[in-house]
Amino acid sequence: MYPLTASSLEYLLSRIAQTLTGAQGVTASKINLQDYSRSKVYPMIRAMDELYLLDLTWKIIAITSVVVALAQLFITAPYGRYSRNGYGITLNARAAWVIQESQSLIAPLIAAGYLGGDQITGTLTPNIVLLSMFLLHYFQRTFIYSCLIQGSKPVPFLIFLMAMSFCAVNGYLQSRYLLHYYHYSNSWFYHPCFLAGTVMFLLGMAINIHSDAILRGLRKPSETGYKIPRGGLFEYVSCANYFGELLEWWGYALACWSPPAATFGIFTTCVLGVRALSHHKYYLQKFDDYPKDRKAFIPFIC
């Protein structure tokens, strides 16, 4: 798919005008192409250009996710328990988290408030419900989870910048598709994909929140270091919080049934999957009594 240019569309309009002149006796002078272009053509071009860029964006994210995952098999991202010197200036973990995660709320608000969308109708539609799922996750991560963070190590500015950029781009990508380019009829509310995906999303969010609470409970306020997490899905995987988020975004992808949403599922799988493998290896090396039957990321699988 390639974006059309103003000149090509104006040429097309001129041909239409010539056809009308010959077929119906309409004089070409009655069709002011310049005025018509300002009111109809250029908005159409902008929409086509935006859709082209959005399609290109989700494809780039999908490819980049795989490349980054492969790279992290050899170089562990230097934040959290893997923090190390040599990666430039660092930021307070809580402040960095709030700023980066909030981009996934700010971008959709800008998309809705400034650009609008034909799915903003004032009624409850599948589009609004799906976007609300996305916003619900990031509201919880930005304003609730951030207040509960304990003893996190400073974050390298480069890591923060990459995370913030992704949240902004992905927030805009998901919201523009749902507010303007993807149209779901109300019958989608009863489609198996929507129903199963919504259940997966809510279950995953519950697992994620519960698992985070278990991790926080491992430390007293003055303590540092790491302990073996127990309880909940931690009895089956080393990173139950990551598994919960994986379930969330694949549920969202199923409920949306769209390439941009599926791309977000791919991104989550690649980034969190490799991180989970690193955590699992860390636990096995650090604790002699670590349960050997636990998987890293997905219960009973891997």
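Trp257 is placed in the loop between helix H7 (240–256) and helix H8; helices here are DSSP runs of H or I with at least four residues, numbered from the N terminus. The model is a predicted one, in which local features need pLDDT of at least 70 and side-chain atom pairs count only at pLDDT 80 or more, while totals for chains, interfaces and linings use all residues. Residues are numbered from 1 along each chain as its sequence is written, and side-chain values use heavy atoms, with hydrogens and water left out.

Trp257 is not a glycine, yet its phi is positive, at about 50 degrees. Most residues other than glycine have a negative phi. Trp257 counts as exposed because its relative accessible area is 59%; buried means under 20% relative accessible area, exposed over 50%, and partly exposed in between (1.4 Å probe, protein chains only). A positive phi, near 70 degrees, is also found in Phe300, a residue other than glycine. Phe300 belongs to the segment after H8 and is exposed, since its relative accessibility is 68%.

Helix H8 (259–286) also takes part in a nonpolar surface patch, as one of the elements that give two or more residues to it, together with helix H2 (33–72). The patch covers about 880 Å² and is made by Val66, Leu70, Leu73, Phe74, Ile75, Tyr87, Trp250, Ile266 and Leu277. Patch residues have over 30% relative accessible area and no salt bridge, and nonpolar side chains (Val, Leu, Ile, Met, Phe, Trp, Tyr) are joined within 5 Å, like charges within 9 Å. Areas come from the Shrake-Rupley method with a 1.4 Å probe, and for residues only the protein chains shown count as cover. Leu70 lies in helix H2 and is partly exposed because its relative accessibility is 49%.

Leaving aside residues up to four places away in sequence, Glu101 touches Tyr138, Arg141, Thr142 and Cys167, where contact means heavy atoms within 4.5 Å.

The protein chain has an average pLDDT of 84, and 84% of the residues score at least 70; pLDDT is the predictor's confidence in each residue, from 0 to 100. Over residues 1–6 the pLDDT stays under 50, and the model has 14 contacts beyond four places in sequence for them. Residues 19–31 also have a pLDDT below 50, with seven contacts beyond near neighbours in sequence.

Technical notes: A salt bridge is a side-chain nitrogen of Lys or Arg within 4 Å of a carboxyl oxygen of Asp or Glu.
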